[in-house]
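Please open the model in the viewer and keep the selection tool at hand.

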Amino acid sequence: MRYIEPHAHMVSRTTDDYQSMVVAGCKAVCEPAFWAGFDRSSVNGFYDYFCQLTDYEPKRSAKFGLPHFSWLCINPKESEDLVLAREVIAMIPDFLDRENVLGIGEIGLNKNSRNEHTILEEHVNLAAENNQLILVHTPHLEDKLKGTKLIVDLIKNDSRIDPGRVLIDHVEEHTVKYVMDAGMWGGLTLYPESKCTSPRAIDILEAYGADRLWMNSACDWGVSVPLAVPYAAQEMRRRGYDDDILDKVFFQNPMKFLSQCENFTVRG
Ligand SMILES: [Zn+2]
């Protein structure tokens, strides 16, 4: 099968992971900017990270024949420091014309704090002013429903943003409808310790349809599975789905959303 991995933190992964993904049929990998597992001490840490996402990592990926794309932002966890967050946001336009950049992400909320909300608003403004796609991280567990509603409402209220150019990631059973009803896309994250398992993700797909949903592994520096997406495809096949629907969910859907950015050029 062919698939696109729409959300993976490859800077934390090994070359063996690249190799396995390509062998499994991966045609492109997309890497949102996120927390590194530690807080950066200054804006220079983000400068280096953005260089890694837009220069070094695409070159490393290309050694395996895998096109690599990235999203840029300061993640919600580090957005608590407004001074640092604003320094990072001010630097992002300098990177937006790099050829593998897809848009602004993964922005969003972590603890639903006031400062996180302020910086989310400033990221959305940055995306609107520069006509960028938006990729959103939603909070975990008890903060998820409230956080998802806050994020969707904030973006919906900005008339400059087309909801079809926004993807809300880490949706679950209790948040997916709010995202779908807003006309946005949803991401089902297949992550072992929190978030969704394959059977749950497929149940959600069965309940809400396969039109504006994709699946991703969100593999990073923690316990995570770089092949979670093809494993979910295998689970769908076990349930009796044919190649056409697998191709739609795992290749055509991410292709359709991401192709709204002209930098995203992938051959099947
Ligand atoms: Zn992520």
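The stops below begin with the sheet and then turn to the helices beside it. Please bear in mind throughout that this is a predicted model.

**The sheet.** Select the strands first: eight of them form an open sheet, ordered β1-β2-β3-β4-β5-β6-β7-β8, with parallel pairing. At the edges are β1, residues 3–5, and β8, residues 213–216, each of which pairs on one side only. On average, and with direction ignored, neighbouring strands of this sheet are turned by 25 degrees against each other.

**The pair β1 and β2.** Next, select β1 together with β2, residues 26–32; three bridges join these two strands in the parallel sense. Within this pair, Ile4 has Ala28 of β2 as its bridge partner.

**Helix α2.** Finally, select residues 43–62, helix α2, which packs on the sheet and touches β2, β3 (68–72) and β4 (101–108). The direction of α2 makes about 170 degrees with that of β3. From first C-alpha to last, the 20 residues of α2 reach 28 Å, close to the 28 Å expected at 1.5 Å a residue. Centre the view on Gln52, where α2 bends by about 45 degrees.

Which residues of α2 are buried? They are Phe46, Phe50, Leu53, Thr54, Glu57, Pro58 and Ser61. Display their surroundings: the buried residues of α2 pack against α1 (15–24), β2, β3, α3 (82–91) and β4.

Conventions. Residues numbered from 1 in each chain as written. Predicted model: local features only at pLDDT ≥ 70, side-chain atom pairs only at ≥ 80, totals over all residues. Pairing = 2+ DSSP bridges. Helix = DSSP H or I, 4+ residues; strand = E, 2+ residues; numbered from the N terminus. Axes fitted to C-alpha atoms, helices over the stretch in contact; angles between N-to-C directions. Contact = placed C-beta atoms within 7 Å. Expected span 1.5 Å × (residues − 1). Bend = angle between axes of the 7 residues up to and from the residue. Buried ≥ 20, exposed ≤ 12 C-beta atoms within 10 Å, placed from the backbone.
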